[in-house]
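The following note sets out points for a colleague reviewing the model. Please read each numbered point beside the sequence and the coordinates.

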Amino acid sequence: MKLTDRLLTIANLVTKGKRVADIGTDHGYIPVYLLNKGHVDFAILADVNKGPLENARNEVRHNNLTDKVNLRLGSGIEVLNENEVDEVIIAGMGGILISELLEAKKSVAHNLDKLILQPMQAQDELRKYLLNNGYEILDEVLVKEDFRIYEIIVAKYISKNTSVEDEIYYEVGKKLIENKDPLLNEFIDKKIFMYNSILKKLEGKIGEEIDKKIKISTDKISKLEKLKN
C-alpha cells in the first residue's frame, strides 16, 4: 500500500511498538500501513459514520489483519477507554473540532503518550487550545501535497499551561521555527499572501472596523516577515 505524502508523514510519527488508535479513520489506510510494516501490533480504527468504517473493515479484511484491529463506531476518543492505547491519531478534521473531541473525554486524552493531530483549518485555534489546556507541543511538521501545505502537531498532556510571547506563534508553531522546517518559508509566504489579499480587498474602504482589519493584517505581515529564515 502506498500512502499519500500527508498520510505517510503522519504514519511516520507513530512510535514503533505502541498501541495506536486512528480517530476518523475513513479507509483505515494509516493503521493498515503500520500493521503491514510491523511497526505496530494492534490498532483501533474508529469513525463516527458507518460508511467509512465499513470501508476500513474491507481494507482490514483485504490485508488479512482482522485479528490485529478493533473497529469502533462512535464520536472521537469517546470510543476509547482509559489507557487502552498509547497514541492517538486525529487527522483531516478542523482544529476546533479536534479540540472539542479532546475536551469530550479528558480521561483518555490526558493519559496518552502522544497525540498526532493534523487539522485542516483553524490550526491556530487548536494550538491555542492545547497550550491553554495543559498540553505540550512536542513537535510540528509541515508536508506539501497537491500544492497545499499541511500542518501536523504532536502533543502530550503535561497538566501545565504554556504561554506564548506573541499570538503569531499560534499561527506559526514555535517547533516549526526551532526545527527550521524545510517548508517554513513557503508556509509563511502563503500566510503573507493571504493577509496582503485582505489588504487589497480593503483598499478604498473607510470606517473604524476597516481600519482595525487593516492594522491587524499589517501587523501580521510584519511579524511573519520576521519569522522567516
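1. Helix H6 (residues 123–132) has as its buried residues Gln123, Leu126, Arg127, Tyr129, Leu130 and Leu131. Buried here means under 20% relative accessible area, exposed over 50%, and partly exposed in between, with a 1.4 Å probe and protein chains only. Helices (H or I, at least four residues) and strands (E, at least two) are DSSP runs numbered from the N terminus. The cover over the buried residues of H6 includes H4, S5, S6, strand S7 (148–157), helix H7 (168–171) and helix H8 (174–178); contact means heavy atoms within 4.5 Å. After H6 comes Gly134, with a positive phi near 85°.

2. On provenance, this is a predicted model, in which local features need pLDDT of at least 70 and side-chain atom pairs count only at pLDDT 80 or more, while totals for chains, interfaces and linings use all residues. Residues are numbered from 1 along each chain as its sequence is written, and side-chain values use heavy atoms, with hydrogens and water left out.

3. The sheet is open and has seven strands in the order S3-S2-S1-S4-S5-S7-S6, with mixed pairing. S3 and S6 are its edge strands, each pairing on one side only. On average, neighbouring strands of this sheet are turned by 15° against each other, direction ignored. Two strands pair if DSSP finds at least two bridges between them. Axes are lines fitted to C-alpha atoms, for helices over the stretch in contact, and angles run from 0 to 180 degrees between N-to-C directions.

4. Strands S1 (residues 20–23) and S2 (residues 43–47) run parallel and are joined by four bridges; Val20 stands opposite Ala43 in S2. Helix H4 (residues 95–104) packs on the sheet and touches S4, strand S5 (114–119) and S6, its direction making about 150° with that of S4. Helix H3 (residues 50–62) lies across S2 and S3 and runs at about 170° to S3.

5. How many of the six residues of S5 are buried? Six of the six are, so that S5 is mostly covered. Both faces take part: Lys114, Ile116 and Gln118 are buried on one side, and Leu115, Leu117 and Pro119 on the other. S5 runs parallel to S4, with six bridges between them, and Gln118 in S5 is the bridge partner of Ala91. With S7 the pairing of S5 is antiparallel, over three bridges; there Ile116 has Val154 as its bridge partner.

6. Ile137 belongs to strand S6 (residues 135–145) and counts as buried at 11% relative accessibility. Its contacts, leaving aside residues up to four places away in sequence, are Arg127, Leu130, Leu131, Ile153, Val154, Ala155 and Lys175. The C-alpha atoms of Ile137 and Val154 are separated by 5.9 Å, although the two residues are 17 residues apart along the chain.

7. Glu84 is located in the loop between strand S3 (69–73) and strand S4 (87–93). Is Glu84 buried or exposed? Glu84 is buried, at a relative accessible area of 19%. A polar atom of the Glu84 side chain lies 2.9 Å from the backbone nitrogen of Asn81. Not counting residues up to four places away in sequence, Glu84 touches Arg19, Ile44, Arg72 and Val79.

8. In helix H2 (29–37), the buried residues are Ile30, Pro31, Val32, Tyr33, Leu34 and Leu35. These buried residues pack against H1, S1, S2, H3, S3 and S4. Gly38, whose phi is positive and near 75°, follows H2.

9. Most residues other than glycine have a negative phi, and most peptide bonds are trans. Ala122, in the loop between S5 and H6, has a positive phi near 55°. Lys180, in the loop between H8 and helix H9 (184–202), has a positive phi of about 50° and counts as exposed at 60% relative accessibility.

How values were computed
Polar contact = N/O pair within 3.5 Å; in protein donor to acceptor, adjacent residues only side chain to side chain.
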